[in-house]
Structures are given as structure tokens and as C-alpha cells.
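Dear colleague,

Please find below the structure I promised to hand over. A summary of the findings follows it.

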Amino acid sequence: MIILQNVTKTVQSGADDLTILDDVSLEIPDGEFISVTGASGSGKSTLLGLIAGLDAPSSGEILIDGASVTTMSEDELAELRSKKIGFIFQSFHLIPSLTAFENILIPMEILGLKDAKDRAAQLLSDVDLKNRGHHYPTELSGGEQQRIAIARAFANQPKILLADEPTGNLDSKNGNHIFDLMTELHDQNNISLVLVTHDQSLAERAERQVILKDGRVLSDELTRNGNTGNF
Amino acid sequence: MFAADLIMNFIFNLTVREIRSSWRRLLFFFLCIAIGVGSIVALRSLIQNFSRSVGGDARALLTADFVINSTNDFSPTDISKIEEVIGKSSIVEARNEVTETSAMSRPLDKSNENFSFVELKGIEPPFPLVGNFTLSGGKPFDFSLLENNGAVVAPILLDDLDVKIGDKIRIGESEFQIRATFDEEPGGTGGFRLGARVFISKNAFETAGITQNRSRVRRRILYRTSDNPTEVVTQLREALKGSTITVQSYRETQERLGEQFERTENYLSLTGLLILVLGGVGVWNVARVFVEQKRKSVAVLKCLGASGNRIITVYLLQILTLGFLGSLFGVLLAQLGLWLAEWRYHDVLPAKMSYAVHFSVAWQGVLLGVLISLLFSALPLLQVRNIKPRLLLHDAGGEKMRRLDLTKTIFGALSLAGLLALAVWQAGSLKVGAFFLVGLGFTSLFLYLAAVVLTVLLRKIKNFGSFSVRQAINSLYRPGNQTRIILLAVGLGAFVVLAVQSLQGNLIREFDFTRNAKLPSLFFIDIQKSQIDELKQIVQTATGENVQVVPTIRARIAFVNGEPFDFENRETRQQQGVIGREFAVTYRPEMDENETLLAGNWWNGASNNADDAQISVEEGMSKSLGVNVGDWMTFDVSGRKIQVQIANIRKLDLRNTRTAFVFVFRPGVLESAPQTFVATVLKKIPAVERAKLQRGIIDKFPNVQIFDVADIVAAVQKLVNNFVLAISFVGSFVILSGILILIGSIALTKSQRIYENAILKTLGAKRPTLAAILLAEYGLLGFLAGIIGTVFATALSFGVSKFLFDIDWEFDLTLTIAGVLITTVLVMTVGAIASFDVLFRKPLGILRSQ
């Protein structure tokens, strides 16, 4: 369970303070697929980053499975991500000096999993890139890179998958493929999936949709796929 | 598997993968370390091997276990004292006597008009007691070669005199037949020697008419022992106390040589360390570039759950691995360098010298390389801690450095302490090591400040000049620019090389006798009183000059204020060469024009009795002896003790002198002592006439020795040139390190340059324009570095000339202009080559990827 309580994020912009997130409170139960939409600058990516502990809120609290993310040290946050969180970026962020296979291996090696290589091979196969494992990121297309990024995000068997515009840099065919892959893996593994997207049609395929505007929650509703709701 | 193993597994795997993909980028790192380690290992090996072949065996150098030296004939009393001590010793195995002097030689064949100065050695069997004496062709020396006035000579004498084996030469009043030449003489080191070595038998030496009333005949009794001679040497010194006879054991020689070589080795190692530290600056730069380029990868790893420390460990391991491999490559370079030295300099280095890198030196070099890698990469790598994973969502660019970062301060202090420890280790002394580091710090600070001032000035004129020049000046201020670092590194290299060149010019000028009107062109020494008038006449006829003739007496210091020197005392023994030697002294009523009084008064008229027997002492010698006006000194002149009081202390202007005497006696003291005369010819006469005059004098007075100042100047110039060559060689390594730093710095700003070029191209700039900007930028950098280098080199050369060497200094405009120009062209060329590919990148891809 992810809980955000009155989370505010302010940054310095020139001489003024700029509020990116303003008193946001959310609860995301285990296994739920939630989409976050909103205009540019509405605070979507910041929200995702705060949940992953990539940045700290200015005020408020974020709890993951009861543990407060806001009070954790850098190393504790790293450990939390290693054990519970998978992250997918719009621009993939694969490590250019490692092959596709090695990129998938990394989270498992950080965690110290014994059967890392077998599992990496399985994940490669799951994303239909069995024969591309020895290629470096620059030798892969955008769609392929994102599939490797998804495989990497699932490598440590996270309880939470955070995806920041995962299809934003892809054409619609590749975008749909990636989306299907994510939802499929979500369904199979029963993980919480938080998807930040511009694409309304994709957002509606989630179980619940949160719309942000100027850093505040404009609406938080179940979609027609949602089977539970708290509002 | 344990958690620690798992962590190590991750670190190890990632390190291997990173090295696989990043080694090209870290190639400069590798080269910086390799060149630094290479130079330190090469310099240390060279001096160690040299010391092993020359000083390692002090017995062979001394050709005995201990030696008794005297400049007079041994008196019967001395001999009985010596024999008494030797008789009681059970370790003495063999002895021989050797007499040495310098003399003039010429072929017996009247039609051959050559002549040469020789270093004559009269020997008796068994010879040598210790060491090898090998004739040309490899045969060992046989004493029968010297019987019936035979001579064994250095091969160079055959060239000098244009004679061959079997020919006869005249030395003094005797004729000698050259029976053989030699390859290796016992105790010969190939050091500075004015004349060729000639061996004759001791009996022939005594009857050649060169020992009668002669100066500079050194007599030595050599002993070989079966055991440590220290005790017998102490007993001999005790027995001979108060006489001017000195005793020298190979153990003390070894100790002294060992100390000298160790000092030289340590100073050379510091030079090597300087190069390695410059390499370290390169490492620091490369590590910064590396962290900058790895920002996103670090953020991704952190996002995936790796802690900052684990990531730092991965990069640290990578750098240590490359540092280790670079150091190994450096050792290989050092070995190549030594082979190069063998190929190029084998004729001036000792014949038996080894050119191998020793294991102990190699591992020291590798350790140094790894430590320098660690010390200089630690701080840039700490930056990894400040890289936040959020940059993957929004890259604001560049992590802010926290001003008061305790960890960085601690690591900075640790790095500095580590560097100090390395300097102390290499210098073998805390004081020298600290001095080196502080000196380097101040030099760098001054160079850096000069760079700051120059760049500020440059900014003032940025609105002048063409588009290319304006852009070039702007480029020097782009974010993350390396301008000051490049100016510091290249400026330092130019500074070292130019300072040495400038000093060379001034040193050689100092020895150029044509510039010193008072320096004679010819010295005639050992003239007998009866020969003065005729010699003056000959010189007058040949040159038209009325030569000045000065009496000289050979004397040793016996006592100072009634106390003899105690050569058992180590500090006194270290000064033995300065205070224990035989001095040429003179007497005269007036002070010379090149002398000034520092203390006391000059005498008035001749001395009448023992109470007013006085002496004038040169300033430096008064310091070595620790004496002042009013002190008493006793000299041994041909076995007679003469006591005199110090009347004054004098300063000698050596640049403006005919003759220079350390001790000048008041007239009335030495007139009756055995003496010879020195005549000096001031007039500069052409070489052919000079040779004719010398030959005339040798024919007429075989006992007279002639020093041709031109020959001495040539020999000294050769020494200075070798010295300069050696330092320039080291200086070129400094330049090379500077260039590596330059290339590393170019790499650091390359992505920025590529981006700027893409924009300029999009805006319509053509390749020639971009190329002009590139050349102007590096041209400006080189020009500024050249100015910094030459200004500081000129200042150093001035300081060293004036205050250390005490010689005249002249500004060398040609060198200054050449220094600035060469540095400009060098930096421009290196910069252009390293950035050339930037001109050919297609802009679209670059702009999209930003």
C-alpha cells in the first residue's frame, strides 16, 4: 500500500518559490493499476519521483507498506527501490556501457539473486528480445530499448511498478505493444502499477484515473475497468 | 552465499563490464600514469645502475682496501710509523706504491708537431691490487709492458698525438715507447679528466725529471687486506696525526659515494615524482570527465537500488585496475627508455653498466602509480555521491557542490597527506619532501594566478578582432572550461624546459673566455726560477705581451688554532676534499684588483718575524674552516710547519681574474720555501699560433705544464651541455605530461564544443569558419601558456644565476620569442588534432540528442 499524506513539493525558481505539488493525498492499494494524467507541469512526474524516493517532498509524508519514505536515508531509499520498486522512464535510461542482457541483470545483482542469469534470460524472452541480449542500447530501436527497460523494471520482482510516460517516445504501434506488455506483467504478478501518461486512451485502460492540475488532485475516479473505488 | 560476497560479486561484475566499455575513454588516464611511472622508474634505475657500476664497488674505485696519501716524499719517520702499524696488523696481504702527476707529452718524431697534456701514473707490481686492468683487445695488463721505459696509454692519446703503438713519446726528460692501449683501467670511471691517462713504471716516473721540486706529485701507498681495514686505518691516523698524510679506507669511500648517489637518486626521483604528479593532475581531470559522462548511468544505478558507496567502489576499482596496468606499462616504457639510453649514450656511460630495470624499482614505481591514481581520483569520484537519481526525470545539469562538505574536506586533507608521504618517501627526507610539495604548491599557485590575470585581461578585449577570434575567446569562458588548468599544466612544462635553456645560455656564456678580458688564454705552471727570464722572452716574442709571473708554493693545512683535523670525525671527513687537499698558495705585498676585503686589514710591507707572519683567507674557505681574523693556522710546506695569523678575509671576483688564490701569504714568510712560478698570457692569439708557442715551450722546458684555456672551456662546455641535455630530457617528460592534460581537458569540453558547432552549423557557419575558431582558441591558449612559461622561466633563470651560481645574467630575447611561438604552435596543433573530428559531425543528430 502506498499512502501520500498532504504531500507538497516546492522548488526555487529564480527569486520565487514554485509549488509543483500542492497538498496531495492519495492511497494506492496493493495490486491496483492507476493512471495519472494532467497537463505539462501539473506535477505528474514529480509525484512519481517522490513515491520512488528519487526526491524528497517539501512537506507531508509518503508511506510504502507502512514505512515512511520521507525519513529514509539515501542508502535506505536505494534498498527500498531495490526490493520493492521498479521504474520505467520515458527516455528508457538504459546504461549505455552494458548490453541489453547486462542491463536486465543489474537490479538482480544489486539484490544478490542467485539465479539472476536464468531469470534475465526469461525476462528477455518475455519481452520478445531473446536474440538481442548481447546488443548495446545504441544498437536497439526505441521500442526495443523500452522493452528492455520493462524487463529490467520487473527483474527484482517489485511490488510497485512506476512508469513515467513509457510510451511517450514511441510510435503508436510500439506504444500499444509496450502498454500491453506492462499490463500483462501487472496482471500476472499482481503488482501496483502507477502510470503517468498524456494519452487519455491509455489512462482510461487503468482501473483508476487521477487527474492533476497545477499540482493538485483535480479528480480521482474509478474507470470502467476499476472494480473498487473509494470515492 | 553471504551478503558481502553478493555485494562483491555485483561490484566485481560491474567493474569488469565498465572497463570493457570505458577503456578507450580512460586511455589518457592510463597514459598519464604510464608516463609518470615510466620516468620515475627510468630515472631511478639509471642512477642506481650507474651507482652500482661506479660507486657500488668502492674497493675497485680506490684500487685498494685502504690508501695512504701524501703530496711530499714520505719521510723516514713517516715510513717507520706506517710500518710499525702495518707490521702489527695480521690482515694486510699486499701493498704497492703509486705516484701521479700531470705533464706534457709530445711525439719523439720532430716532424710531428702535436703535443698533449697527460695524467701520468707511475706504478709498481703487484698492480692492480684490486680491480681490473684490461688492455685493448681484452688481454689483461702485464707489468713487463712497462719495463725499459714502456708506456700503456689511453687510446685517445694516439689520436691526440697522431702516433701508433710502438712509437716513442717524450714526457719530461725521458722517452717512452707506447706498448699498448687499455680498455679499462683500475679505478677509472670515465669522469672529468683534462689529459689522457698514461701508465709508466714507478722507477721511470722518478727518473723522468718531473718529480724534482715539482708540484702536484701525489704519492700513494695502497694496501689489500683480508678483512675489514677500519681498525688499522684508525691506528694509522692516530700514528700520523699532525702530519699532512691522509689515510682513506674503501669503507668510508663507499659510505661517502653511497650517500652522494642516494642523494642524487632521491633528487632525481623527486623530478620523476613531479612528472607523476603532473600525470596525477591528468588523472584528476580524466576522473572528472569520467564522472561527468557517467552521471546518467550513476543515476540509473541509484534508481535501481545501488548505494552511492557501492558505485564509488566500482569506479574506484576500475581506476585502480587501470592505474595498475598503466604503471606496468610505465615500467615497460622505462625499460625501453633505458635501452634507448644504452644505444645513445653507451660511450659516455661506464662500460659495465647494466640497463635493466630492477624489480625493487619496478614495484616501487607500480605502487607509486596506483597510489597517485587513488589520491588524484578520490575527490572527483566523491562527486558520485552528489548525483541524485531524480536527474532521470528532470536533468537540471550539474550537481551543486556543497560548500562545506565534510567528507570532501577530509578526503582532500587525506590526499594531501598521502602526497606528502609519497614526496617524503621519494626524497628520503621529510624536509626535502615537504619543501618539494610546498614549492610545487607555490609554483602552481603563481602559475594559476598568472593564468587568472591573463584570462581576465583577455576577456577585456573580446569585442575586438574577427568573428573567429571573438568566438575563440568566448570558448575559453564556456561553462566547464578548462582554460586555467591547461594554462597551468602546459605553462609548467614550458617553464621547466625554457628555464633550463635560459640557464644553459647563461652558464655557457660564463665559461666563454672571449667575453672575460681578464681570463688568460694560456697558463704556464711549474716554471723554475731559472727559467723565468727565458720563458718571458719567448712569450714576448710570440705575443708581444709582457707576461705576469706569480710564485706558487704547495701547502697543506696542518693545524687550525693548534688543532689538527680529525678525519675520524664523519663531518670533517665529508669536507676532506675541500680542507684536506693541497693548496697552491702565493705571497704578495698588494691586494689584487679582483679582490675586496670583508674583514681585517691588508698588511703593510713584509713580515719581519714569526709574530707578524700573516695570511689572507678567501671568504668561502674561512666559512669551511670556521676561522676569522686573528685565528692562527699552521701550514705544512714540504714537511716544514709554518704558523701564520689570519690578517683578513677576502672576497674573490672569479669572473674578473687572472689567478685565484684561496690563501695569500704576507711577503717575508715563504720566500725561502721550495716554489715554482705560474705565468699567464692574457692576449687572445689564434689557435695555430697558440699551438706553436706551446710546442716551443715544451721543447725548451719539458717540465713546464701548459693549460690552454680554450681546451678547458671546451671540456666544461661539454659537461654543461650533457647536464643540460639530461635536464631537457626530463623537461620533455614534463611537457608530455602537460600535453596529456591538455588532451584530457579537450575531451572534457568536447561534448559542449560538438553542441556549439552543431548550432553554429545550423546557423550557417561553414567548416573553414569553425576550423578558424578552433585554431584561434588553441592558438590563444598556447600563446598564454607560452607567456606564462617564459616569464617564469626568465625569473627563475635570473634568480638562480644571480643568487645560486653567482654569475652574470643576460635576457635572451630569441629564446623568449621562440618559447612563446613553439608553445603556441604545439598547443594549437595538439588541440586541432584532438578536436578535428568535431568539424565533421552532422548537426541534426547532435541537436536531437541534447
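Two strands are taken to pair if DSSP finds at least two bridges between them. In this predicted model, strand β3 (residues 33–38) of chain A meets that condition with strand β8 (residues 192–196) of chain A, since four bridges join them. The two strands run parallel, and Ser35(A) stands opposite Leu195(A) in β8(A).

Both strands belong to an open sheet of six strands in chain A, with mixed pairing and the order β6-β7-β8-β3-β9-β10. Its edge strands are β6 (85–88) and β10 (216–222) of chain A, each of which pairs on one side only. On average, neighbouring strands of the sheet are turned by 15 degrees against each other, direction ignored. Helix α5 (residues 142–155) of chain A lies across β6 and β7 (160–164) of chain A and runs at about 170 degrees to β6(A).

The largest has 187 residues, and Leu162(A) and Ala489(B) have the most contacts inside it. Residues up to four places away in sequence aside, Leu162(A) touches Leu48(A), Ile51(A), Ala52(A), Ile85(A), Phe87(A) and Val194(A). Another core, of 67 residues, lies apart from the largest one; among its residues are Phe141(B), Ala154(B), Phe524(B) and Ile697(B).

Among the contacts in chain B with a separation of 6 or more, 86% are accounted for by residues 24 or more positions apart.

Helix α24 (residues 813–835) of chain B has 23 residues and reaches 33 Å from its first C-alpha to its last, close to the 33 Å expected at 1.5 Å a residue. Its buried residues are Gly819(B), Val820(B), Thr823(B), Thr824(B), Leu826(B), Val827(B), Met828(B), Gly831(B) and Ser835(B).

Finally, the contact between the chains takes 24 residues from chain A and 24 residues from chain B. On the side of chain B that touches chain A, α1 (3–22) and α9 (295–303) of chain B each supply at least two residues. The helix α1(B) gives the most to that side, with nine residues. By type, the residues of this side of chain B divide into 11 nonpolar, eight polar and five charged.

With kind regards

Methods. Residues numbered from 1 in each chain as written. Chains lettered and ligands numbered in written order. Predicted model: local features only at pLDDT ≥ 70, side-chain atom pairs only at ≥ 80, totals over all residues. Contact = placed C-beta atoms within 7 Å. Nonpolar A, V, L, I, M, F, W, Y, C, P; charged D, E, K, R; others polar. Expected span 1.5 Å × (residues − 1). Buried ≥ 20, exposed ≤ 12 C-beta atoms within 10 Å, placed from the backbone. Axes fitted to C-alpha atoms, helices over the stretch in contact; angles between N-to-C directions. Core = buried A, V, L, I, M, F, W, Y, C linked by C-beta atoms within 7 Å.
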